[in-house]
Amino acid sequence: MRRWVTLLAVVLAGSVLPMSAAEAAGTAGAGVAGVAPPPSPVTRLRQQFGEHTGLRISDVGRVYRGGKAVVTIWRKGRVEFDEAGVYGTDTVGRTELGRGVVKELERQFGQRLGSTRVICFPNEAYLSGPGYETWLPEGKTWLGLIGPANIKQTAALPQIVNVFEPATLGTLLSHTAVRKKLRSGTFLQGAVTLRTLYKASPSLRDRLAGPPKGRSARIPVGFRLWLDRSNLVRRLSTTWRQPLSGSPGKYTTTVVDTRYTGWGSSVTLVPPPPEDTADAGRVGADFPEPTVLPIG
């Protein structure tokens with residue numbers, strides 16, 4: 001899997017009432033007199049873990065350079081849990097490099113380029129869509145990657161902060177700088193250094209070539225987090241800023257917005273039929289993996 005090592009930086013905008021880290025960790029606040037507050041967000045997350053349960057997600061990630069979006073990734077799909085956390089993901093995504101580039105290519109080819117679908121389990125992943133047909137034998141529509149060195153369940157998602165990991169969610173709560181009660185729940189905002197996020201998040205460690213070092217380790221990733229009234233995550237927006245390679249003094253800013261809906265719904269993901277799948281190991285080609293946003 002392609003891995004990226006870059007410096008991150010972020011500038012947080014907006015202001016709401018400040019809060020301490022201890023208050024952020026509680027998030028539920030004091031309930032109405034005589035009414036018990038809901039469990040903490042980490043507890044609520046753990047309560048969702050169980051076989052064949054899950055939720056729906058939708059991601060939009062954009063890389064900006066000079067105020068213009070130069071890369072946009074859309075991805076949506078379903079997440080299935082087991083007793084330990086994320087068991088599998090089934091997502092459909094589309095990438096555009098620069099405004100209108102994909103549409104222009106579609107016009108030239110006279111057909112829609114379509115979307116890429118990725119199904120991931122702990123030790124297997126399956127890819128289908130534009131960019132893979134070249135390596136597929138006739139009659140096959142899926143490329144299968146079998147074994148531990150495949151695409152991890154959440155690695156194909158634009159969002160780099162994995163709130164399905166209790167330790168990662170807890171890290172966000174403990175690094176919250178501002179908090180605001182809403183009619184729909186709670187809004188939290190803060191920043192966490194890449195070093196701290198790396199230590200807390202197994203999925204981020206999978207994405208990076210190694211632990212962040214030096215100045216990059218101390219630079220924060222900004223976050224805005226929305227919880228519903230029961231303290232389940234319903235939206236997360238993250239921002240990071242990094243130097244533009246080969247252009248001193250210039251930067252790109254990446255913003256990813258993720259929505260989480262249908263918590264507790266029944267989800268049972270299955271791999272594609274074997275007769276439609278080609279083993280990537282036997283294909284033996286240097287095929288492209290799903291596009292991901294560059295991170296530190």
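1. Val92 counts as partly exposed, with a relative accessibility of 37%. The value comes from a predicted model. Val92 belongs to strand β3, which covers residues 86–97. In sequence, Val92 and Arg117 are 25 residues apart, while in space their C-alpha atoms are 4.3 Å apart.

2. Strand β1 runs over residues 53–65 and strand β2 over residues 68–81. The two pair in the antiparallel sense, over 13 bridges. At this pairing, Arg65 stands opposite Lys68 in β2. Two residues lie between the strands of the β1 and β2 hairpin, and Gly66 in that hairpin takes a positive phi near 65 degrees.

3. β1 also pairs with strand β11, residues 251–266. The sense is again antiparallel, and the pairing extends over twelve bridges. Here Thr53 stands opposite Ser266 in β11.

4. Which helices each supply at least two residues of the positive patch? They are α5, residues 194–200, and α7, residues 214–218.

5. Is Lys199 buried or exposed? Lys199 is exposed, because its relative accessible area is 62% and the cut-off for exposed is over 50%. Val92, at 37%, falls in the partly exposed class, because that class lies between under 20% for buried and over 50% for exposed.

Technical notes. Residues are numbered from 1 along each chain as its sequence is written. This is a predicted model: local features need pLDDT of at least 70, side-chain atom pairs count only at pLDDT 80 or more; totals for chains, interfaces and linings use all residues. Side-chain values use heavy atoms; hydrogens and water are left out. Helices (H or I, at least four residues) and strands (E, at least two) are DSSP runs, numbered from the N terminus. Buried means under 20% relative accessible area, exposed over 50%, partly exposed in between (1.4 Å probe, protein chains only). Two strands pair if DSSP finds at least two bridges between them.
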